Amino acid sequence: MREISSDYGRVVVGTKDELFAQAVALTEAQRLLSRPGRVLWALTGGSTPAAFYQWCVTTRALPEALVRETHFTVSDERHVLLDSAESNFGNAERALFAPLAVEDERRHPWMVAWPVAEAAEAYRKTMLILAGPGRGYDVCFLGMGDDCHTASLFPGTPLLHDDGGLLFGGQEVPGKGWRLTITPTGLLACGLVVVMALGAGKADALHRVMRGPSDPLIVPSQILKTCAGRVVWLVDEAAAARL
Ligand code: 6PG
């Protein structure tokens, strides 16, 4: 593995297996720094987490204490029921929590059966109890789309310029339906942010984020500059090709 420095956090470049192992090592290190038994780990959606879950289960890479002592959630969610293949939490349940027998009381989905505003409010209350006032996740996993979105912060989304100081919110994303998501304020409140971006399809987006003009409203992943000291990007050589 090699490292590249950037204004948006540490960039670690390696193979998929190296990066997945690094993701686990970073999370475990954060657990050891966190309140005993109370680590709050947000996973995310997309194809990269799906591969990561499968890898975790087949390699048994997650330390037993990490599985036992973690509260699991997702950093953004589609407004669909958990049994939908579109549900980020539902996919994590099926591919990771069930195979690892994570206790029910440590699984914290967004309240997708409720209208979005109520769902966001209920989730904020749950996270307040789990994390404490003004605190976000201990570990927040994110991905990045080809349009440089991260979590459900898409180009032009109002939450990027005004999230009302709230850590979590809900909004309609044109063409993508209703989404629930961590906000820029929420990202600032996390202990560690890990962004996984793999494959040649991410090379242009990564270049725009790290080497292009700064405009987080259009290039949402650039919002991570605000908390760069706590951000680690895990990218493969194909994604890093234009850095
Ligand atoms: C989602 C995500 C989204 C995702 C990126 C990257 O719900 O889809 O939160 O931000 O992480 O679109 O997805 P891939 O891993 O599929 O490239």
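**The largest cavity and its surroundings**

Guide: T44, T48, P49, F141, L142, G143 and M196 line the largest cavity. Two elements, α2 and β6 (139-142), each give two or more residues to that lining. Helices (H or I, at least four residues) and strands (E, at least two) are DSSP runs, numbered from the N terminus.

This is a predicted model, in which local features need pLDDT of at least 70 and side-chain atom pairs pLDDT 80 or more, while totals for chains, interfaces and linings use all residues. Residues are numbered from 1 along each chain as its sequence is written, and side-chain values use heavy atoms, without hydrogens or water.

The volume of the largest cavity is about 40 Å³. One cavity reaches 30 Å³ or more. A cavity is a set of points on a 1 Å grid over the protein atoms alone where a 1.4 Å probe fits but cannot get out; a lining residue has an atom within 4 Å of a point. Points are joined across faces, edges and corners, and the volume is the space filled by probe spheres set on them.

Contact means heavy atoms within 4.5 Å. L198 sits in the loop between β9 (192-197) and α7 (203-211). L198 counts as buried because its relative accessibility is 18%. Buried means under 20% relative accessible area, exposed over 50%, and partly exposed in between (1.4 Å probe, protein chains only). L198 and F20 are 178 residues apart in sequence, yet 11 Å apart in space, C-alpha to C-alpha.

Now to α2 (47-59). With β3 (39-43), β4 (70-74) and β5, α2 is among the elements that cover the buried residues of α4. Those buried residues are N88, F89, G90, A92, E93, L96 and F97. Helix α4 (residues 88-100) has 13 residues and should span 18 Å; its end C-alpha atoms lie 17 Å apart, so the two agree. The expected span is 1.5 Å times one less than the number of residues. Even so, α4 has a kink of about 40°, centred on R94. The bend at a residue is the angle between axes fitted to the seven residues ending there and the seven starting there. A101 follows α4 with a positive phi, near 55°.

β5 brings in charge. D76 forms a salt bridge with R179, with the closest N and O atoms 3.8 Å apart. The pair links distant parts of the chain: D76 is in strand β5 (residues 76-78), R179 in strand β8 (residues 177-182), 103 residues away. A salt bridge is a side-chain nitrogen of Lys or Arg within 4 Å of a carboxyl oxygen of Asp or Glu. D76 is buried, at 3% relative accessibility. R179 is buried too, at 6%.

D204 forms a salt bridge with R242, at 3.1 Å between the closest N and O atoms. D204 lies in helix α7 and R242 in the segment after β10 (231-235), so the pair ties together parts 38 residues apart in sequence. D204 is partly exposed at 47%, and R242 is partly exposed at 40%. Elsewhere, salt bridges that share partners join E28, R31 and E69 into one network. The structure holds 16 salt bridges.

Technical notes. On a 1 Å grid over the protein atoms alone, a cavity is a set of points where a 1.4 Å probe fits but cannot get out, and a pocket is an open set with protein on both sides within 12 Å along at least five of seven lines; lining residues have an atom within 4 Å of a point.
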